[in-house]
Amino acid sequence: MSLVECVPNFSEGRDPAVIAAIRDAIAATPGAHVLDVSSDPSHHRTVITFVASLDAAVPAALAAMTVARDRIDLTKHQGEHPRIGATDVVPFIPLDGATMEDCVALARELGARAAKELGIPVYLYERAATTPARENLADVRRGEFEGLRDEVRTNAARRPDFGPAELHATAGATAVGARPFLVAYNVYLGDAKNLPVAKEVAKAIRGSSGGLRYVKGLGMEVDGQAQVSMNLVDTEKTPLHRVFEIVKSEAAAHGVSPTWSEIVGLVPERVLLEAGARHVQLRGFSKSMLLETKVRDAVSGGESVDGFMSSVASAQPTPGGGSVAAHAGALSAALVQMVSGLTVGKKKYAAAEEEMKQAALDASALRRELNTLVVRDAESYERVRAAYQMPKEPETALAARQAAIREALLYAAEVPLESARAAVKVAALSAAVAERGNSNAVSDACVGALLAEAACKGAVFNVRINVASLDDGDAAATARGAALAAEAKRCVEEAGAHARAAEAATERAIG
């Protein structure tokens, strides 16, 4: 299962009941799991970390935003941290099996739904930004709620990506984005008299002021202490230990020393392991040397793929051919994402940059759809099986059984037809990236196209066999079945045409 992390920030850090309600809304969403809740009364802010499947991420975030909209009033909010909304920021971060394109697609989906369903305007930022001017969250949040509330009405540059040019009266606006893992890290410099030093240190270290490119920082007073509040947006390029050392050095220039530091929310174990290894001057240390890592790899390595294959290989009828066809289509979509990713950012393919970005987003959405169809296909078989197990007597029961069988068979034909339709779209994307994507990966695009064609053909056989199982006793059901079969045939022809185009592009590239 592909997972993403989501770390929404809410403008409430003092009311336990409101914080609990937001947390519970996320936890109640199937497929979402709350990992951490961090509240700060001085910042008047709560950061919740949860992980979710690609299908559950948006519903969970939307559920939390709904509670925040209904229970947080920004017109009465005062806190140290900059904010533009009751739900201030919602970033999606790729984890196991997910890509940055998946997260961009989730950000756009959440933005559209929040604007439409909640009446909250949304700004896309970081990797999801639609313009370079909004990549930096600080630029999106400039002026905070009060300033943005007035400016959005008159300044076209401040209009949201989703929703009208008018903030929600009490919930404001929300910044929704996609980004790599971020570490929220604070260093304290003694009591509040050192606040000017904290501000100078923050200015010296943040990227926007000429400091470390992947660090954002503010100097502020928290609980009577001077704090350098930082977001480390790429800890591989700017590790935590380096940040601390520079903060310490800059503070020392003002005659001040750090008293303690803290991490808000969660942190990848790699970050702390690197810091610890640096502190005790370990050489050649890596995560692979950890006992726990070896145990996890031995126990659970390859579980998702092997687990699915084991289920298919079992003597049970599900998951069967229809689920495997959908899975093949999802793998094809993943290859489109890979080839697109290998194309974007290369000067040689600058003319195809936007097309490849869109192809990656479309493939991400199709991969999610097909992964859902893996499960739905198995469920559709269970409907058919249950219908055939209904009683045949008395006569009224027989009629009900026959009607249930017809509906179950039609549903069991409609589900793989959805897989076939999606596979056609994936085949078209595969052909496009084979034609105009990175030529070094053209064979990968071709494999994707052939896999999509196979997925389509496999799904269509499932359509046909279920339609063929319909009796002739219901003209309407027979007509529906015929229509499904006719569309299925067209899908195979389209997928085949795209696969042939991808093959031709590959042959040309190979020469």
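In this predicted model, the sulfur of Cys491 lies 5.2 Å from the closest cysteine sulfur, which belongs to Cys456, and this is too far for a bond, given that a disulfide requires a pair of cysteine sulfur atoms within 2.5 Å. By this rule the count of disulfides comes to zero. The chain holds 15 helices and eleven strands, and two of its helices, α11 and α14, run roughly antiparallel to each other.

**Cysteines**

- Cys491 is buried, its relative accessible area being 6%, while its sulfur has that of Cys456 as the closest cysteine sulfur.
- With a relative accessible area of 0%, Cys103 is buried.

**Helices α11 and α14**

- The axes of helix α11, which spans residues 321-343, and helix α14, which spans residues 442-468, come within 8 Å and cross at roughly 160°, so that α11 is roughly antiparallel to α14.
- The crossing in which α11 passes α14 is left-handed.
- On the α11 side, the residues that meet α14 are Gly321, Gly322, Ala325, Ala328, Gly329, Leu331, Ser332, Leu335, Met338 and Val339.
- On the α14 side, the residues in this contact include Asp444, Ala445, Val447, Gly448, Ala449 and Leu451, and also Ala452, Ala455, Gly458, Ala459 and Asn462.
- Sorted by class, the contact of α11 with α14 has 13 nonpolar, seven polar and one charged residues.

- Thr238 sits in the loop that runs between strand β10 (225-232) and helix α7 (240-252).
- Although it is found in a loop, Thr238 counts as buried, at 5% relative accessibility.
- When residues up to four places away in sequence are not counted, Thr238 touches Leu212, Tyr214, Val215 and Val243.

**The chain as a whole**

- Of the 511 residues in the chain, 47% are buried.
- Taken along the principal axes, the C-alpha atoms of the chain fill a box of roughly 90 × 60 × 55 Å.
- Among contacts between residues at least 6 apart in sequence, 76% join residues that are at least 24 apart.

Terms used: Residues numbered from 1 in each chain as written. Predicted model: local features only at pLDDT ≥ 70, side-chain atom pairs only at ≥ 80, totals over all residues. Heavy atoms only, no water. Buried < 20%, exposed > 50% of the residue type's maximum accessible area, 1.4 Å probe, protein only. Helix = DSSP H or I, 4+ residues; strand = E, 2+ residues; numbered from the N terminus. Contact = heavy atoms within 4.5 Å. Axes fitted to C-alpha atoms, helices over the stretch in contact; angles between N-to-C directions. Parallel < 35°, antiparallel > 145°, perpendicular 65-115°, else oblique. Left-handed = near helix turned anticlockwise from the far one by under 90°. Nonpolar A, V, L, I, M, F, W, Y, C, P; charged D, E, K, R; others polar.
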